[in-house]
Amino acid sequence: MWIHKNKDEPIELYSELDEDRYEMKKVEIFIDDTAGYAEEKQSYGETLLGKCPIPSLEDINSNPEFKAKSITKEEFFAIWNKYVPFQK
């Protein structure tokens, strides 16, 4: 969760990470429940995969604007399937 009041930035970010913490898939959800997504070969909206490894949960949570937690692969794909319609 990203806690802010900018309607042009996502409030929820979900990433599937590889063993080196690089993003393989990402979903960004906005306050109006619209979403952008990205994976290696395609993206929607302005969402792109990061070019650097994602920091640890502890590092992310050291910034009070963020509340990060680990989720299961099943939880990630439930979000992915909800917001990336062609994957269903």
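The chat below goes through side-chain packing and charge pairs in a predicted model.

Q: What kind of model is this, and what pLDDT do local features need?
A: The model is predicted: local features need pLDDT of at least 70, side-chain atom pairs count only at pLDDT 80 or more, and totals for chains, interfaces and linings use all residues. Residues are numbered from 1 along each chain as its sequence is written, and side-chain values use heavy atoms, with hydrogens and water left out.

Q: How many aromatic pairs does the structure hold?
A: There are 5 aromatic pairs. Rings of Phe, Tyr and Trp (its six-membered ring) pair if their centres lie within 6.5 Å; planes under 30 degrees apart count as stacked, over 60 as edge-to-face and the rest as tilted.

Q: Why is the pair of tyrosine 37 and tyrosine 44 called stacked?
A: The ring centres of tyrosine 37 and tyrosine 44 are 5.8 Å apart and the planes are at 15°, so the pair counts as stacked.

Q: And what about phenylalanine 76 and tryptophan 80, how far is it centre to centre?
A: Phenylalanine 76 and tryptophan 80 are 6.1 Å apart centre to centre, with 25° between the planes, and this pair is stacked as well. They are 4 residues apart in helix H2 (residues 73-83), which puts about one helical turn between them. Helices (H or I, at least four residues) and strands (E, at least two) are DSSP runs, numbered from the N terminus.

Q: Is phenylalanine 76 buried or exposed?
A: Phenylalanine 76 is buried, with a relative accessible area of 4%. Tryptophan 80 is buried at 1%, and tyrosine 37 is buried at 10%. Buried means under 20% relative accessible area, exposed over 50%, and partly exposed in between (1.4 Å probe, protein chains only).

Q: Which residues form the aromatic cluster?
A: Tyr37, Tyr44, Phe76, Phe77 and Trp80 form one cluster.

Q: Which charged end sits over the ring of tryptophan 80?
A: That of lysine 25, at 5.6 Å from the ring centre. The rule asks for NZ of Lys or CZ of Arg within 6 Å of the ring centre and within 35 degrees of the ring normal.

Q: What salt bridge does lysine 25 make?
A: Lysine 25 meets glutamate 39 in a salt bridge, 3.4 Å from N to O. Glutamate 39 is in strand S3 (residues 35-39) and lysine 25 in strand S2 (residues 23-29), so the pair ties together parts 14 residues apart in sequence. Glutamate 39 is buried, with a relative accessible area of 17%, and lysine 25 is buried at 17%.

Q: How many salt bridges does the count come to?
A: The count is 3 salt bridges, where a side-chain nitrogen of Lys or Arg must be within 4 Å of a carboxyl oxygen of Asp or Glu. Lysine 26 forms one with glutamate 23, the closest N and O atoms being 3.3 Å apart. Lysine 26 also forms one with glutamate 28, at 3.9 Å between the closest N and O atoms. Glutamate 28 and lysine 26 are both buried. Through shared partners, Glu23, Lys26 and Glu28 join into one network.

Q: Where is lysine 26 found?
A: Lysine 26 is in strand S2, buried at a relative accessible area of 10%. A polar atom of the lysine 26 side chain lies 2.9 Å from the backbone oxygen of leucine 48.

Q: Switching topic: which residues make up the largest nonpolar core?
A: Tyr14, Val27, Ile29, Ala35, Tyr37, Phe76, Ile79, Trp80, Tyr83 and Val84, 10 residues in all. Such a core is a set of buried Ala, Val, Leu, Ile, Met, Phe, Trp, Tyr and Cys residues joined through side-chain atoms within 4.5 Å. S2, S3 and H2 each supply at least two residues of this core, and H2 gives the most, with 4 residues.

Q: What about the loops, where is arginine 21?
A: Arginine 21 is in the loop between S1 and S2. Arginine 21 has a positive phi of about 75° although it is not a glycine, and it is partly exposed at 31% relative accessible area.

Q: And what is the phi of aspartate 33?
A: Aspartate 33 has a positive phi of about 70°, again without being a glycine. Its place is in the loop between S2 and S3, and aspartate 33 is partly exposed, with a relative accessible area of 44%.

How values were computed:
Polar contact = N/O pair within 3.5 Å; in protein donor to acceptor, adjacent residues only side chain to side chain.
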